[in-house]
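User: I have a model open and would like to go through it with you. Can we start with the overall layout and then go to details?

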Amino acid sequence: MMLFQEKLKELRESLNLLQRQVAAGIDMDTAVYCKIEKGDRQAREEQVRQLAHFYGIPYEELRKYWLANKVYNLIEDEEDASEILSMVAEGMAEYGQANS
């Protein structure tokens, strides 16, 4: 699984940009952007929207990475993280079927 910060780095490097160039492009402090790309700080949803626009990719695509990263951060230290994710996936599938 690619984490949000890895996706940001991949996007930035694919365009041969420096972190400070991305930060300037979305009017963000360079130190804040660096922390987000390193995974030391969680981006806000509006920042995700700005980044998607900056990179010219659909917001929903980048948002999925962001949300997956939030879930990962929530359970990464849990011994049974895989089981927890399976339970959530099953619950989501059942919920989707019940509301179809």
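User: In what order do the elements of the chain run from the N terminus on?
Analyst: They run α-α-α-α-α-α. The chain has 6 helices and 0 strands, where helices (H or I, at least four residues) and strands (E, at least two) are DSSP runs numbered from the N terminus. This is a predicted model, in which local features need pLDDT of at least 70 and side-chain atom pairs count only at pLDDT 80 or more, while totals for chains, interfaces and linings use all residues. Residues are numbered from 1 along each chain as its sequence is written, and side-chain values use heavy atoms, with hydrogens and water left out.

User: What box do the C-alpha atoms fill?
Analyst: Roughly 45 × 35 × 20 Å, taken along the principal axes.

User: And what share of the residues is buried?
Analyst: Buried residues make up 29% of the 100 residues in the chain. Buried means under 20% relative accessible area, exposed over 50%, and partly exposed in between (1.4 Å probe, protein chains only).

User: What about contacts between residues 24 or more positions apart?
Analyst: They account for 54% of the contacts with a separation of 6 or more. Contact means heavy atoms within 4.5 Å.

User: Helices next. How do the axes of H1 and H3 cross?
Analyst: At roughly 115°, coming within 7 Å; H1 covers residues 4-14 and H3 residues 30-38. Axes are lines fitted to C-alpha atoms, for helices over the stretch in contact, and angles run from 0 to 180 degrees between N-to-C directions.

User: Which residues meet there?
Analyst: Phe4, Gln5, Leu8, Lys9 and Arg12 in H1 meet Tyr33, Ile36, Glu37 and Lys38 in H3. By class, that contact has 4 nonpolar, 1 polar and 4 charged residues. Ala, Val, Leu, Ile, Met, Phe, Trp, Tyr, Cys and Pro count as nonpolar, Asp, Glu, Lys and Arg as charged, and the others, Gly among them, as polar.

User: Then H1 and H5: how do their axes cross?
Analyst: They come within 8 Å and cross at roughly 145°. Here Phe4, Gln5, Lys7, Leu8 and Leu11 in H1 meet Glu61, Leu62, Tyr65, Trp66 and Asn69 in H5. The contact of H1 with H5 has 6 nonpolar, 2 polar and 2 charged residues.

User: Which residues of H5 are buried?
Analyst: Tyr59, Leu62, Trp66, Asn69 and Ile75.

User: How far does H5 reach from its first C-alpha to its last?
Analyst: H5 (residues 59-75) has 17 residues and reaches 25 Å, close to the 24 Å expected at 1.5 Å a residue. The expected span is 1.5 Å times one less than the number of residues.

User: Switching to rings: how many aromatic pairs are there?
Analyst: The count comes to 1 aromatic pair. Phe54 and Tyr55 form that pair, edge-to-face, at 5.1 Å centre to centre and 80° between the planes. Rings of Phe, Tyr and Trp (its six-membered ring) pair if their centres lie within 6.5 Å; planes under 30 degrees apart count as stacked, over 60 as edge-to-face and the rest as tilted.

User: Is Tyr55 buried or exposed?
Analyst: Tyr55 is buried, with a relative accessible area of 10%, whereas Phe54 is partly exposed at 28%.

User: What sits over the ring of Tyr59?
Analyst: The charged end of Arg49, 4.0 Å from the ring centre. The cut-offs are NZ of Lys or CZ of Arg within 6 Å of the ring centre and within 35 degrees of the ring normal.

User: Now backbone. What is the phi of Asn16?
Analyst: Positive, about 55°, although Asn16 is not a glycine. Asn16 lies in the loop between H1 and H2 (19-25) and counts as exposed at 70% relative accessibility.

User: Where is Asp27?
Analyst: In the loop between H2 and H3. Asp27 also has a positive phi of about 55° without being a glycine, and is exposed, with a relative accessible area of 74%.
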